[in-house]
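Here are my notes for a first look at this one. Have the model open beside you and take the points in order.

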Amino acid sequence: GSLIWDDASALGYGRGRTDINATEFSFTKPVDYVSGACLLVEKKVFEDYAGFDGVLFPNYYEDTDLQMHIQHDLGKEVWLEPNSVALHDEHGSFGDTDSTNLMQNAAEIFRAKWREALKDRHIANPWNRDKEQQKKSLFLASDLRARDPTKANIFFIDDKAPNKSRGSGFGRAFDNLSMISELGHRITLVTLYPPSENYWCDESCLDKIARLGIEYETRKSWEEVFQSRIGFYDVVVVSRPDTLKRTFRKLREFYGQSPFSLIYDSEALSFLRDEKQDDLVNGPTGIPFPGYGEIFMPNIRSELRHVVLKARRNTEIALLSFADTVLAVSGGEKKHISKLSPKTKDIEVIGHIMGLEHVRASGGSVSGRNGILCVASFANSMYYNGDAIWYFLKYVYPLVIAGSKLSSIRIPHLTIAGRGIPDELLKVVNANDIIAPHVTFLESPPTLDALYASNRLFISPHLYGAGIQYKVSQLEASLVFRI
């Protein structure tokens with residue numbers, strides 16, 4: 001993408017750079033113009049303007065003039081497509097010396113024609129300012145959203161890349177980013193863990209983020225990025241309790257240098273999840289969840305356990321009061337937050353987006369279905385999702401099988417599908433001859449449509465939980481019964 005300053009001079013953003021895959025060149029964005037050597041324009045727009053103006057601009061600025069018309073006369077936008085690549089023999093028509101003179105002459109004509117638009121909508125040429133001001137002006141000019149006074153420049157921090165296929169709230173994070181981008185705001189995304197870790201976000205995942213028009217900075221730490229752009233961001237969004245715990249001290253320091261609004265997406269009150277699990281394990285029910293050992297050391301004294309739980313609760317409540325606005329995933333979570341943190345005045349609910357693409361075909365009569373389905377992201381952990389299906393396998397499914405035999409009805413087959421299914425679950429099934437013939441494990445199935453269409457019941461692993469799971473919203477949109 002290229003820039004037009006208010007004096008009609010042009011600058012190719014990134015000219016001379018060899019790191020063509022750098023973050024700032026790798027996402028779609030609205031720009032002043034793109035080179036006519038690689039320009040796609042709607043046929044009607046081109047013909048209505050009589051093509052390039054070869055009378056006023058016989059050699060240079062003809063492509064820029066067309067794109068100014070598209071933006072300032074028609075109210076449309078010109079977007080950079082980073083995946084479009086062309087080899088251009090620059091100045092090949094006239095040579096370097098003649099090209100410079102012709103370009104300067106064309107710039108004078110261009111400035112006279114677009115004087116008002118240049119004055120109102122373009123940034124002053126910073127060539128005679130200090131390096132820091134030049135850097136800031138260049139950054140603002142490189143993305144039309146960044147300099148639009150009606151839009152916000154947003155810095156979005158999350159734990160990991162918003163990969164919709166990974167579950168754990170990351171589908172909702174992707175949808176939130178998508179909504180913000182559709183509203184026309186400029187977003188810089190940073191994550192505490194790189195997308196390459198554990199193959200969390202592959203090239204396809206990264207491309208989906210880039211196609212939203214989001215700058216995903218993966219080569220620098222979030223502190224480096226923010227420090228280099230102090231004063232640029234109007235809003236900081238932090239997703240998840242652990243992310244805010246790890247960033248709030250530095251954010252407070254940055255706020256002292258240049259204020260911004262802080263939005264905290266609580267995603268789920270995770271301390272409630274741990275407290276519920278602890279109560280189920282150590283309370284009257286005494287359920288020996290395998291995942292409990294991933295949260296507490298075995299045989300930990302109750303006094304110390306309660307201290308740890310209380311510290312987690314107090315920390316998350318303190319985080320709620322740190323933000324200007326808190327986002328909750330459901331009305332129930334909002335009530336919890338209001339009660340826990342009365343000082344938090346602005347609490348908004350953003351749940352899960354379920355478009356028409358989520359409403360799957362019924363796959364025939366519901367009465368023709370017989371199976372039970374559990375879909376979950378396990379990540380080789382028994383905590384939460386693993387504990388829930390473990391409980392179903394140990395205490396519920398044997399009763400379902402026994403009841404089916406007594407009623408002389410077909411035993412509903414159980415399918416457990418997900419990423420990183422723990423060995424603990426396989427051991428539970430293999431050790432039980434009653435349930436083993438009726439359970440199938442599917443590791444990382446490429447699609448879930450057939451499973452949703454063929455099963456009658458869906459297990460929602462919410463035995464001890466917080467917030468509301470994305471899959472629950474999917475089920476309701478898919479018209480599948482859940483337990």
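1. Let's begin with a helix pair. Helix 10 (residues 270–282) and helix 11 (residues 302–322) have axes that come within 9 Å and cross at roughly 160°. Axes here are lines fitted to C-alpha atoms, for helices over the stretch in contact, with angles running from 0 to 180 degrees between N-to-C directions. The two helices are therefore roughly antiparallel to each other; angles under 35 degrees count as roughly parallel, over 145 as roughly antiparallel, 65 to 115 as roughly perpendicular and the rest as oblique. Helix 10 passes helix 11 in a left-handed crossing, meaning that the near helix is turned anticlockwise from the far one by less than a right angle (clockwise would be right-handed).

2. A word on what you are looking at. This is a predicted model, in which local features need pLDDT of at least 70 and side-chain atom pairs count only at pLDDT 80 or more, while totals for chains, interfaces and linings use all residues. Residues are numbered from 1 along each chain as its sequence is written, and side-chain values use heavy atoms, with hydrogens and water left out.

3. Which residues of helix 10 and helix 11 meet? On the helix 10 side they are Ser 270, Phe 271, Leu 272, Asp 274, Glu 275, Asp 278 and Asn 282, and on the helix 11 side Arg 305, His 306, Leu 309, Arg 312, Arg 313 and Glu 316. Contact means heavy atoms within 4.5 Å. The residues of this contact divide into three nonpolar, three polar and seven charged. For these classes, Ala, Val, Leu, Ile, Met, Phe, Trp, Tyr, Cys and Pro count as nonpolar, Asp, Glu, Lys and Arg as charged, and the others, Gly among them, as polar.

4. Stay with Ser 270 in helix 10 for a moment. Its relative accessible area is 22%, so Ser 270 is partly exposed; buried means under 20%, exposed over 50%, and partly exposed in between (1.4 Å probe, protein chains only). Not counting residues up to four places away in sequence, Ser 270 touches Pro 241 and Glu 316. Gly 420 is 150 residues from Ser 270 in sequence and 22 Å from it in space, C-alpha to C-alpha.

5. Now compare another pair. The axes of helix 13 (residues 385–406) and helix 14 (residues 423–430) come within 10 Å and cross at roughly 0°, so helix 13 and helix 14 are roughly parallel to each other. Gly 386, Ile 389, Trp 390, Leu 393 and Lys 394 in helix 13 meet Leu 425, Val 428 and Val 429 in helix 14. By class, this contact has six nonpolar residues, one polar and one charged.

6. Is Asp 265 buried or exposed? Asp 265 sits in strand 9 (residues 261–265) and, at 2% relative accessibility, counts as buried. Its side chain makes a polar contact of 2.9 Å with the side chain of Arg 172. A polar contact is a pair of N or O atoms within 3.5 Å; within protein, one must be able to donate a hydrogen and the other to accept it, and residues adjacent in sequence count only if both atoms are side-chain atoms. Leaving out residues up to four places away in sequence, Asp 265 touches Arg 172, Asn 176, Val 238, Ser 239, Arg 240 and Leu 327.

7. Have a look at the loop between strand 12 (371–377) and helix 13, where Ala 379 lies. Phi of Ala 379 is near 55°, a positive value in a residue other than glycine. Asn 380 is in that loop too, and its phi, near 60°, is likewise positive in a residue other than glycine. Ala 379 counts as exposed at 59% relative accessibility, and Asn 380 counts as exposed at 60%.

8. Finally, the whole chain. Its secondary structure comes to 16 helices and 16 strands; these are DSSP runs numbered from the N terminus, helices being H or I with at least four residues and strands E with at least two. The C-alpha atoms fill a box of roughly 90 × 55 × 35 Å, taken along the principal axes. Of the 483 residues, 47% count as buried. Among contacts between residues at least 6 apart in sequence, 75% join residues at least 24 apart.
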